[in-house]
Amino acid sequence: MKSIANIIIDSIEEGDGYIWVVKTAPHISTCHKNVGTFYLACSQSNELVRDYKESNYSRIFWFNCHGMIVIHIDIPASKIIVNLKYEILHDRSVDITTPIEIRQEIKGNIHLDPVQLRAHLSNRFDISNITIQQIRY
Ligand SMILES: [Zn+2]
């Protein structure tokens, strides 16, 4: 199910140019096999500011966009419902020059929450340089 969710998220990111991050842990049904709901938030949503506070990400522009995706997957019923909510279509702060290896690393670890993902990335990359370059002023 996670791989299906990832494919959907990849397609949405390709289409809209925003980066979506896991907001809360997925809700996986305990009584039905292969039924679950995945929650994502816009990476620039100010609902995530608290998670990124005092980090290298503090230079990112934040928006009150309430950007949110809810993906409900029900494999037994062959049903997938994708809800995408956006109140403001703001500028994308992450440039397309974002190193491909970091994008892949983020996509490969979409199950991590933002704090874990940040720690994971900073173990592998020099985020301080990259983040500044990513930001479009
Ligand atoms: Zn947003």
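These legends describe close-up views of a predicted model.

**View 1. Four strands make an open sheet.** The strand order is β1-β2-β3-β4, and the pairing is antiparallel. β1 and β4 (79-85) stand at the edges. Each edge strand has a single partner strand, so one side of each is left without a neighbour in the sheet. From one strand to the next, the twist averages 15 degrees.

**View 2. Helix α1 lies across the sheet strands β1, β2, β3 and β4.** The helix spans residues 2-16. Its direction is set at about 145 degrees to β3.

**View 3. β1 and β2 are joined by six bridges.** The two strands run antiparallel. Thr24 and Tyr39 face each other here: Thr24 stands opposite Tyr39, which belongs to β2. A loop lies between β1 (20-28) and β2 (35-42), and Asn34 is in this loop.

**View 4. Asn34 has a positive phi.** The angle is about 60 degrees. Why is this worth a close-up? Because most residues other than glycine have a negative phi. Asn34 is not a glycine, yet its phi is positive. A residue would need 20 or more to be buried, and 12 or fewer to be exposed.

**View 5. His66 also has a positive phi without being a glycine.** Here phi is about 50 degrees. Where does His66 lie? His66 sits in the loop between α2 (49-52) and β3 (68-74). With 14 other C-beta atoms within 10 Å, His66 is partly exposed.

**View 6. Ser43 is a buried loop residue.** The loop in question runs between β2 and α2. Ser43 is buried because 22 other C-beta atoms lie within 10 Å, and the cut-off is 20 or more. Which residues does Ser43 touch, leaving aside those up to four places away in sequence? They are Ile19, Trp20 and Val21.

**View 7. Ser43 and Arg92 are separated by 49 residues in sequence.** How far apart are Ser43 and Arg92 in space? From C-alpha to C-alpha, the distance between Ser43 and Arg92 is 9.7 Å.

Technical notes
Residues numbered from 1 in each chain as written. Predicted model: local features only at pLDDT ≥ 70, side-chain atom pairs only at ≥ 80, totals over all residues. Contact = placed C-beta atoms within 7 Å. Pairing = 2+ DSSP bridges. Axes fitted to C-alpha atoms, helices over the stretch in contact; angles between N-to-C directions.
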